[in-house]
Amino acid sequence: MAQPVEGAPANQVDTLLRVFPDGLTPEQADAVLAVMGEAELRSALRPRLLAGPEGGKPPAAEAAPLAAYANRIDAVAAAFPRVPGAIAEAFARPNGRDAAVSPARLGLSILFLFAVGTAALLAARRLLPESGPEAGGNALSRAARGLGIQAVRITAFLVGLLLGYAILRPSHPAAPAVLIAVLQAAVTVSIADLVTRFLCAPDHPERRLLPVGDGGARPIHRTAVTAAVLTATTLGLADLLGALGMAYDPLIALVLPISTAPFVYLLYRMWSSRPAMIHALRDHLGLEAQEVPTLALGLALATLYLVGLWLTAAAAALRLETGIGLRLLLSLFLSAAVPLLALMLRRPVVRFYRTPGEQTDSRAALRLMRAVWVALLVLGVVATAFIWGFDPAAHVGLGGIVVRLLFDLGVVLLLGYVGWELLARSFDRVMTANTVGDQRTAQRVATLMPLVRKFLQVVLVAIVVMIVLSSMGIAIGPLLAGAGVVGIAVGLGAQSTIADVLSGVFFLLEDAFHIGDYVEVGNLRGTVEGISLRSLKLRHHRGAVHTLPFGQIKALTNLTRDWSLMRLEFRVAPDTDLAMVKRIIKDISKELQADPEMGPSFIEPLKSQGVRRVEDDAVIIGIKYVTKPGEQFVIRREAYQRILKAFKANGIDLVGRGVVVRVDDPHAGEHAVGFAAAQAIRDTRQDKASAD
């Protein structure tokens, strides 16, 4: 509710019009008229009537805003000597018309209300005792149970206040307003106590949500409650005297000095605990020793914030604005919520950046926490400005444009950076979590996640750029339309590239291959080493790298998918004991399965398939086994070595491939050799004779 202006009756209207150049609202006008007597109204109206319809310039043009503030400050300063008389007059004649109120009786009544409320609080404590540390659940669930218990207790206290008021049943017209002032003060202190107990849990470390020890939790709770008591007492006193109809200028002259108490207390607590705060924040943000002055600068900025907040509240009081107390409470709550929220976010951020087995915080987590601090501080300052009615969009001129631009750019870039870090870390966590699970799933994740990550990061950058351009006043509609046209042109001119990209997308969706698979594409083969949006890179076993566009892949053979079947063949003599061969293969199969390195790779052990086919001079024996993908070659090498060694030990010889000549005359070979020798001698003699 607006308050009247104190001063000479003839100057009251002019003073109001200077402060409100656009006029008063109906509620403000009614409030002013309600506290002015008939004589004051006549005295204020007479000069306005004498001025006539052309009675000079409007009051708004007579003085600049600074001059209006100067007039109000002079009026409040002049009202200091009248403060005791104004208080006595308010109690002697509340609102200028009600019966007198005894200060002693009013004080005793308020004490009685708090006594009944305290009795109800004590009764609630006996009925609802605190749950001990043996209660189950995590810290959040225990804190939630404690919050519920505290909420019930505070409700009992407020109900006790109302019950005390019902017992007294005061008949004075100002009694309801006094009750509201008392309730507002009690609710303010109760909420401060409730919230800080929920976060800090000074007496129950197992419920504590903030990452602070007992040496930090108790001072935070004590500071918050004390500041709330000082603020609630100041606002309650203002509401109480305002309800009794105390003149506004003496009321402001009384309340403004008292209102500095919570701010002075907060500044004292902040600077007296400066070493401990700097040490805690340095550990919290991971700052180096040379970066400590940055924290001192932060404390100086916090001091400027509190001083500016008090000056803003004082200026609003001089301008006769309404709802000053509520806005002041919201601003103080916001100033405390920003650092508490940043401290609460530390644990999830560190946990978010922690890999299995890691015990220390990563640098990326610290960078993100610093960005979170900056973002919260900026949002806190802007939210405070909006609470007090400052809207950058409503200000014109170069200053307003610069403020809006800096704010929009800062917020967008900060949120974009935080989004980038969270996106990158989320994909890293997904890939890390799948490396310890199923190998096939891990390979598929390692194939798809980098592509999806790059796509989302490009989208995020594009969105941030568009928002930044829009904040700078650049119309992004034509840019989007132009980008669409360029996209169509590029699509028509790069059809093969688009075909490669689309083919790659379908290959990945069909799960045709993963990174690390051994594949064949036409005459090329190798291990999949890299996958991009357009091409596939294969590493040949000799070291060469093949790059294949997806659009040119007509068929692809994956040799390492699900399982691998390997067949071995041995050529033995037809008279070989096949039963012995089967026993040898069975023994070697048991040895390989018992091997700690090769045994887990088997899906089906070595099995002799017996005679696979018969040739003229040999019998072909077949052996097969099934292994996990990529493990068949190592097992094949070891199986060959053991089988050959076992065959040699048991007198089983392998038959090589060759040409067999059958001769019926046993001496035909000798005759053939003699004939060949005679022919060679004859050829030699002929060559010599030709030479002579």
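Is Glu615 buried or partly exposed? With a relative accessibility of 24%, Glu615 counts as partly exposed; here buried means under 20% relative accessible area, exposed over 50%, and partly exposed in between (1.4 Å probe, protein chains only).

Before going on, a word on the model. It is a predicted one, where local features need pLDDT of at least 70, side-chain atom pairs count only at pLDDT 80 or more, and totals for chains, interfaces and linings use all residues. Residues are numbered from 1 along each chain as its sequence is written, and side-chain values use heavy atoms, with hydrogens and water left out.

Now let us look at the partner of Glu615. Its side chain meets that of Arg571 in a salt bridge (2.3 Å, N to O), a term for a side-chain nitrogen of Lys or Arg within 4 Å of a carboxyl oxygen of Asp or Glu. This pair links distant parts of the chain, 44 residues apart: Arg571 sits in strand S6, and Glu615 in the loop between S7 and strand S8 (619–627). Strands (E, at least two residues) are DSSP runs, numbered from the N terminus. Arg571 is buried, at 13% relative accessibility.

A second pair also involves S6. Arg612 and Glu569 form a salt bridge through their side chains (3.0 Å, N to O). Arg612 lies in strand S7 (residues 602–614) and Glu569 in strand S6 (residues 564–572), so this contact ties together parts 43 residues apart in sequence. Arg612 is partly exposed at 30%, and Glu569 is partly exposed at 37%.

Through shared partners, salt bridges join Glu569, Arg571, Arg612, Arg613 and Glu615 into one network. The whole structure holds 9 salt bridges.

Key:
Helices (H or I, at least four residues) and strands (E, at least two) are DSSP runs, numbered from the N terminus.
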